[in-house]
Number of protein chains: 2
Amino acid sequence: MLHDFTYYNPTKIYFGKDSMQNLSAELANYGKNILLLYGKNSIKKIGLYDEVVKTLNACGKNITELSGIKPNPAYSQVLEGARLVRENKIDLILAVGGGSVIDCAKAISVSAYAKGDPWQRYWIDFEEVDNEIVPVGTILTMTGTASEMNGGSVITNEEVTIKTGRVYGPEVYPKFAILNPEFTYTVPQKQMVSGVFDVMSHLMEQYFSGDDDNTTDYVIEAVMKSIINSSRKAAKNPEDYEARSNIMWCATLGLNTITGLSKTQDWEVHNIEHQLGAYTDCPHGLGLAVISMPYYRYIYKDGIDKFVRFAENVWNVNTDGKTKDEIALEGIASLENFAKELGIPLTLRELGATEDMLPKIAETSYEGGGYKYMTHEDILNVLKECF
Amino acid sequence: MLHDFTYYNPTKIYFGKDSMQNLSAELANYGKNILLLYGKNSIKKIGLYDEVVKTLNACGKNITELSGIKPNPAYSQVLEGARLVRENKIDLILAVGGGSVIDCAKAISVSAYAKGDPWQRYWIDFEEVDNEIVPVGTILTMTGTASEMNGGSVITNEEVTIKTGRVYGPEVYPKFAILNPEFTYTVPQKQMVSGVFDVMSHLMEQYFSGDDDNTTDYVIEAVMKSIINSSRKAAKNPEDYEARSNIMWCATLGLNTITGLSKTQDWEVHNIEHQLGAYTDCPHGLGLAVISMPYYRYIYKDGIDKFVRFAENVWNVNTDGKTKDEIALEGIASLENFAKELGIPLTLRELGATEDMLPKIAETSYEGGGYKYMTHEDILNVLKECF
């Protein structure tokens with residue numbers, strides 16, 4: 001059943017090889033002062049930085065730059081960006097990069113004119129944004145988070161050692177996003193497969209909940225099948241445009257809210273991984289992969305019909321003469337084989353975790369979940385299986 | 001492969017049993033003067049008219065009414081609505097009904113302040129809208145066209161006997177749409193199944209084109225599987241909320257542009273049906289059903305791999321030891337059986353067509369198509385198979 005939901009996603013997507021051609025026309029919708037936000041030098045290596053600056057200049061814009069946005073964007077960078085926005089009367093924040101840069105852009109967007117301390121008000125107390133929101137536009141160079149078409153903004157406050165996420169409403173979504181799959185060609189293989197598993201995990205976190213017959217579950221299965229198929233190809237040939245274009249769009253669909261409509265959702269794998277990341281600093285997608293299989297084997301009996309459906313519809317598991325348990329476990333084994341095919345490590349050890357970390361990770365992870373309520377003890381059991 | 005596309009769909013969807021609760025808050029975004037647009041008396045029978053008027057009054061709105069919008073909305077009604085908009089300084093057109101009422105609302109929206117003759121400029125010469133566009137909001141009572149979340153507007157000009165459609169850009173899409181599946185319970189069975197097949201046809205027209213591996217095709221298959229499953233249930237029990245809610249959302253997804261992204265698309269079945277409709281006035285979805293099977297049997301060899309995929313992925317056809325032709329034809333047979341299950345007639349005769357109409361319908365249908373270019377002669381061959 002489709003439970004009541006609101007769907008509103010006003011981000012304009014320009015997708016494809018020639019999508020950069022739309023930048024000039026979009027820029028005409030905003031004033032002269034642009035904050036150009038990016039990470040390290042990768043956008044310079046692929047020539048994108050020069051192309052963007054050239055277009056901005058041709059459009060008569062004044063450019064203020066803030067570079068070096070970290071993979072886990074720091075709150076100090078948010079404050080620096082907010083100061084630049086105020087001082088330069090910024091009309092548009094143009095985020096060029098992956099999810100981190102876009103998450104940071106949204107944080108700057110809501111913080112620049114905040115009344116009071118934005119960290120406390122927006123990331124700790126989760127208050128509604130009651131100040132001017134500076135528009136964000138983005139040019140995506142790495143896929144995974146879908147930050148280009150949602151309100152997510154994960155920020156790390158280094159002063160208090162807290163990494164926390166907030167999902168803002170559509171008024172904070174990027175106004176436009178330029179998605180050129182070719183920009184993702186040079187993303188290193190390890191980061192690419194980490195991004196792919198992140199997308200799979202987003203889809204599974206939304207899928208594994210509810211017992212109803214629900215259109216959204218069919219759509220999730222479709223996106224899973226497409227990204228599984230395409231990432232197998234891209235792992236062999238990173239410049240396979242067909243594969244990279246599908247991966248890029250699957251990533252956006254995977255968390256632009258359309259694959260979550262009316263679903264209660266799980267998110268326990270992400271919860272645990274966030275704490276794992278705090279201890280090991282491992283790539284997010286790889287952490288998710290290591291936790292996923294033991295986690296799903298731990299909980300599948302509580303949602304067995306959905307795991308049977310997953311095996312049949314996503315992995316084409318032959319069900320003849322098999323019990324539900326056998327089918328469900330074969331589906332999870334297929335997921336594991338897929339991770340292996342992509343070259344993803346499957347133990348916490350390989351990600352740099354040590355045995356003494358496990359109780360700490362379990363203790364600091366939120367209790368909760370989808371089909372099964374996971375206590376700290378349950379989480380520790382799963383972590384031991386992952387080790 | 002995903003070919004370049006732009007995706008922008010700013011309609012806000014309120015979905016579910018309690019979705020009417022959002023009407024007051026939405027109305028607060030607009031001025032006092034509302035044009036209330038609806039068809040015949042069905043919205044009065046289900047108590048919706050009273051509920052809407054009560055809410056409008058409680059919000060202090062001035063109501064102007066225009067009722068009796070026809071199933072094929074007439075251009076004379078568009079002009080009447082446009083006059084009412086100007087005279088009453090309308091701030092929002094509230095369309096309560098199905099696709100016809102919403103199509104008409106959009107037509108009024110662009111025509112009220114048109115410079116020159118709107119019919120000639122917007123429906124014949126397909127000019128860009130260069131005047132004020134009056135906002136449209138909608139409360140949906142019948143599913144099928146997805147007009148609640150797209151720019152489609154099909155209008156019949158009775159003076160010159162032309163029925164023609166135009167797809168406007170996102171600036172003309174409804175600003176908000178309230179979708180309560182319960183409002184569709186009282187739609188007569190014949191209209192319900194006609195709507196279901198209309199949705200299936202939208203999906204197939206988008207699906208049967210291109211040879212690429214493309215995320216959009218997976219999403220289309222997902223929506224097909226969901227609506228097939230749910231409409232079988234709803235045909236048995238019209239008040240099955242689970243089934244009706246899925247059908248309603250599948251209909252919206254089926255033509256809100258997300259299932260068409262990067263696809264070249266076909267639309268020849270719709271082209272032929274429009275002419276069939278001009279001669280027989282049969283329900284649109286039933287006309288589509290009658291044409292679809294002979295049409296797909298006529299063209300399948302030109303896109304055989306896609307028809308094999310359709311058979312496997314949508315209908316779970318067992319492919320063991322079968323040729324591609326056998327598999328493809330079995331998929332089309334499954335579609336036909338589905339239509340039979342829903343009680344849909346499968347000959348033009350049953351829809352009131354006579355043999356002498358066929359050459360006229362063929363001659364006035366556009367040549368074109370997806371996998372196969374259909375000449376007038378090809379179209380006539382198909383029509384003879386449908387008869």
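Biologist: What radius of gyration does chain A have, next to a compact globule with 387 residues?

Modeller: Chain A has 21 Å, which agrees with the value near 21 Å for a compact globule of 387 residues. The radius is taken over C-alpha atoms, and the globule rule is 2.2 Å times the number of residues to the power 0.38. Bear in mind that this is a predicted model: local features need pLDDT of at least 70, side-chain atom pairs count only at pLDDT 80 or more, and totals for chains, interfaces and linings use all residues. Residues are numbered from 1 along each chain as its sequence is written, while chains are lettered from A and ligands numbered from 1 in the order in which they are written.

Biologist: What box do the C-alpha atoms of chain A fill?

Modeller: Roughly 70 × 45 × 40 Å, along the principal axes.

Biologist: And how many helices and strands in chain A?

Modeller: 15 helices and eight strands. These are DSSP runs, numbered from the N terminus: helices are H or I with at least four residues, strands E with at least two.

Biologist: Which domains does the assignment give for chain A?

Modeller: Domain 1 covers 12–183 and domain 2 covers 189–386. The bounds come from an automatic or database domain assignment. Their centres, over C-alpha atoms, are 28 Å apart. Twelve residues of domain 1 are in contact with 18 of domain 2. Contact here puts C-beta atoms, placed from the backbone, within 7 Å.

Biologist: Now the two chains. How many residues of chain A are in contact with chain B?

Modeller: 35 residues of chain A, with 35 of chain B. On the chain A side, strand S1 (5–15), helix H8 (215–236) and helix H9 (241–253) each give two or more residues.

Biologist: How does S1(A) run against S1 of chain B, parallel or antiparallel?

Modeller: Antiparallel, with seven bridges joining the strands. Strands pair if DSSP finds at least two bridges between them. A:Tyr14 stands opposite B:Thr6 in S1(B).

Biologist: Switching to the core. Which residues touch the most other members of the largest nonpolar core?

Modeller: A:Leu37, A:Ile93, A:Val96, B:Leu37, B:Ile93 and B:Val96, out of 242 residues. A nonpolar core joins buried Ala, Val, Leu, Ile, Met, Phe, Trp, Tyr and Cys through C-beta atoms within 7 Å. Buried means 20 or more other C-beta atoms within 10 Å of a residue's own, placed from the backbone.

Biologist: What does A:Ile93 touch?

Modeller: Leaving out residues up to four places away in sequence, its partners include A:Leu35, A:Leu37, A:Ile108 and A:Val136.

How values were computed:
Two residues are in contact if their C-beta atoms, placed from the backbone, lie within 7 Å. A residue is buried if 20 or more other C-beta atoms lie within 10 Å of its own, exposed if 12 or fewer, and partly exposed in between; C-beta atoms are placed from the backbone.
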